[in-house]
Amino acid sequence: MKRLAALVAGAAAAGVALTPAKGQLLGQNLFPANNPWNQNISGAPVASNSASIIAAIKGTTSIHPDWGTDSPTNGSSPLYGIPFNIVHGNSTAKISVIIDNYPGESDIIAAPIPANAVIEGDFQNGPNTNGPGYNTGQRGDSHLLVWDEDNNIAYEFYGAARPSDTNVISEASHTDGQWHAAQETVWYFTTNDFRTLGYTSADAAGLSVLAGLVRPDEGLPVSQGGQGAINHALRMTLPKSIVSDQYIYPASHIVTAPGTLPFGSRLRLRNNSTVNLLISTMGPESQIVAHAMQQYGLILADIGSSMYVTGASAAVNATNGLSLVWDMNDILGGLEQLTATNFDVVNLTPAVTNLSHSSGAAGTPLTINGYNFSGAAGHLSVFFGTNVASAPIVVSDSQISVVVPAGSGTVDVTVQSGLYEPDTDDGPGANVHEPIFGYGTSVTNAADKFAYVAVPLFQRVLASGGSFVASGTNNGAPGGTYHVIVSTNLLLPRTNWTVLTNGSFGSNGNFSFTNALSSTNPDMFYMLRAP
């Protein structure tokens, strides 16, 4: 099942000026550019509990690339990693899969499963029909991932069982000749698609598996047929002792666990001289993966072995045939040099560090500077006190453009990343940022203060004694400065108008100024600005 969330009452979703992500799979993006999977987190601060988390993981624990070789010549050798299948959904027959374990938390939709579908745990030369499960010879988690190239939709199954398998994931005999699975999630990658809060997916954290795979079609250099860059976060696992019974955006599901790190948390490879020296010694494929870890990081998606990063052993083409494979000597010899101590847990809560100006009237354009403004999936709101600004534009991860809404007095300008959406399934405490499903709201500070200035009003203009005389009020607000600017061309940009005079509002908020006139003067336009 999918969720359809509503914005906070009165809140306006942000526009996006971010550069679209590079095509990630056969030229198509898996999720929009403003999705958290595609968020560059290189500028995010280190979380306050990062050191304790890394210590709990044990800093000497090496990164383990959890994928391997894929070649039919290897016979019945196990296929490591999680494979993915590509189909043309408009012409491939759809098959109904019986969901045995989590039907109430599944998208029970017929899927275009190809005849030659490859499942996690298969042999390198063909299907392993010993079924899903964890006994000797079985396939383990048996993830089945099918990507419909025609519609950019992924069908993801956990505990998949072929019609010819001996058993289903529960170890019950499989005799009906139909496809079975424990869970099914369908991801519509052209949209910012999330699970209903509290619902699982084919991944324990309620996330897409395909979106986070390390794949050779991205990770190989361009000279070897790859894209030469991975522009998204990578899926990782940690032991149960590290994981907490909470989730943080973009995850949406919990498990019972005794640790302190929520599902959805992000680890980032450090960008310092020590780590960069290590990277420089790696092969080209390892370097590409390592740079993705520095820019996009690792998302905690499931319980498993420590610092295991999930990948596909091969990329497939539009007819689901093998197209690209890894040089595992490069991958293992390079990435396994990295240890947990080379990583930090990052804090992705938005923060305001500066406003382009600290006072002004309603309707004034304002630039908000800070960090962690991207990744909100179009659900970023800006509040001036309790008043929401209309249609803020996310210029970059560190800058938002907004128009000041109506208000008065001095207020805090805060940024909310996410939607108001209580988790009615898991209950209170499951979502770290509840009731906001997102990265949360910026903490108020001295740098986010904004003082409203009343809009001055011309009340009287006249020609007297050879002068132009104007007077008015700023609606009773005492003190403060104003500037009178003039131009003979009303269409001239305001920055090109001439300053006639500067002044201060009186104790009752009144102002007045004069300008000498003559019969030879051209038409003159006057504007009063405060401040």
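How many bridges pair β21 with strand β22 (residues 387-388), and in which sense, parallel or antiparallel? The pairing is antiparallel, over two bridges, and View 2 picks it up. This is a predicted model, where local features need pLDDT of at least 70, side-chain atom pairs count only at pLDDT 80 or more, and totals for chains, interfaces and linings use all residues. Residues are numbered from 1 along each chain as its sequence is written, and side-chain values use heavy atoms, with hydrogens and water left out.

**View 1. The whole protein, to get your bearings.** The C-alpha atoms fill a box of roughly 105 × 50 × 45 Å, taken along the principal axes. The secondary structure comes to five helices and 33 strands (DSSP runs numbered from the N terminus: H or I over at least four residues for helices, E over at least two for strands). Of the 531 residues, 52% count as buried (under 20% relative accessible area; exposed is over 50% and partly exposed lies in between, with a 1.4 Å probe and protein chains only).

**View 2. Strand β21 and its two partners.** Five of the five residues of β21 (residues 380-384) are buried, so this strand is largely enclosed by the rest of the structure. Leu380, Val382 and Phe384 point one way, Ser381 and Phe383 the other. Strand β25 (residues 410-420) pairs with β21 in the antiparallel sense over five bridges (two strands pair if DSSP finds at least two bridges between them). Phe383 is a handy residue to look for: its bridge partner in β25 is Thr414, and in β22 its bridge partner is Val388. β21 and β22 make a hairpin with two residues between them, and Gly385 in the turn has a positive phi of about 70°.

**View 3. A mixed sheet of six strands.** This open sheet runs in the order β2-β14-β9-β13-β12-β17, with mixed pairing. Its edge strands, β2 (64-66) and β17 (343-345), each pair on one side only. From one strand to the next, the twist averages 40° (axes are lines fitted to C-alpha atoms, and angles run from 0 to 180 degrees between N-to-C directions). Inside the sheet, β12 (residues 266-269) and β13 run antiparallel and are joined by two bridges; Leu267 has Leu298 of β13 as its bridge partner.

**View 4. A three-stranded antiparallel sheet.** The order here is β31-β30-β33, in an open sheet with antiparallel pairing. β31 (498-504) and β33 (525-529) stand at the edges with a single partner strand each, so one side of each is left without a neighbour in the sheet. The twist averages 20° from one strand to the next. Six bridges join β30 (residues 481-487) to β31, and Val484 has Thr501 of β31 as its bridge partner.

View 5. At 1.5 Å a residue, the 12 residues of α4 (residues 284-295) should span 16 Å, and the end C-alpha atoms are 17 Å apart, which agrees (the expected span is 1.5 Å times one less than the number of residues). The buried residues of α4 are Glu285, Ser286, Ile288, Val289, Ala290, Ala292, Met293 and Gln294. Just after the helix, Gly297 takes a positive phi of about 80°.

View 6. A pocket is an open set of points on a 1 Å grid over the protein atoms alone, with protein on both sides within 12 Å along at least five of seven lines; a cavity is a set where a 1.4 Å probe fits but cannot get out, and lining residues have an atom within 4 Å of a point. The largest pocket holds about 870 Å³ of space (the space filled by probe spheres set on the points, which are joined across faces, edges and corners). It has 35 lining residues, and the closest to its centre are Glu120, Tyr134, Gly140, Asp141 and His143. β9 (234-238), β13 (298-303) and β14 (308-310) each give two or more residues to this lining. By class, the lining has 13 nonpolar, 15 polar and seven charged residues (Ala, Val, Leu, Ile, Met, Phe, Trp, Tyr, Cys and Pro count as nonpolar, Asp, Glu, Lys and Arg as charged, and the others, Gly among them, as polar). In the second largest pocket there is about 430 Å³ of space. Asn116, Ala117, Val118, Asp122 and Gly126 are the closest to its centre among 27 lining residues, which divide into 17 nonpolar, seven polar and three charged.

**View 7. The largest cavity.** There are three cavities of 30 Å³ or more in the structure, and the largest has a volume of about 60 Å³. Its lining includes Phe31, Trp37, Trp187, Asp193 and Arg195, and divides into six nonpolar, three polar and two charged residues.
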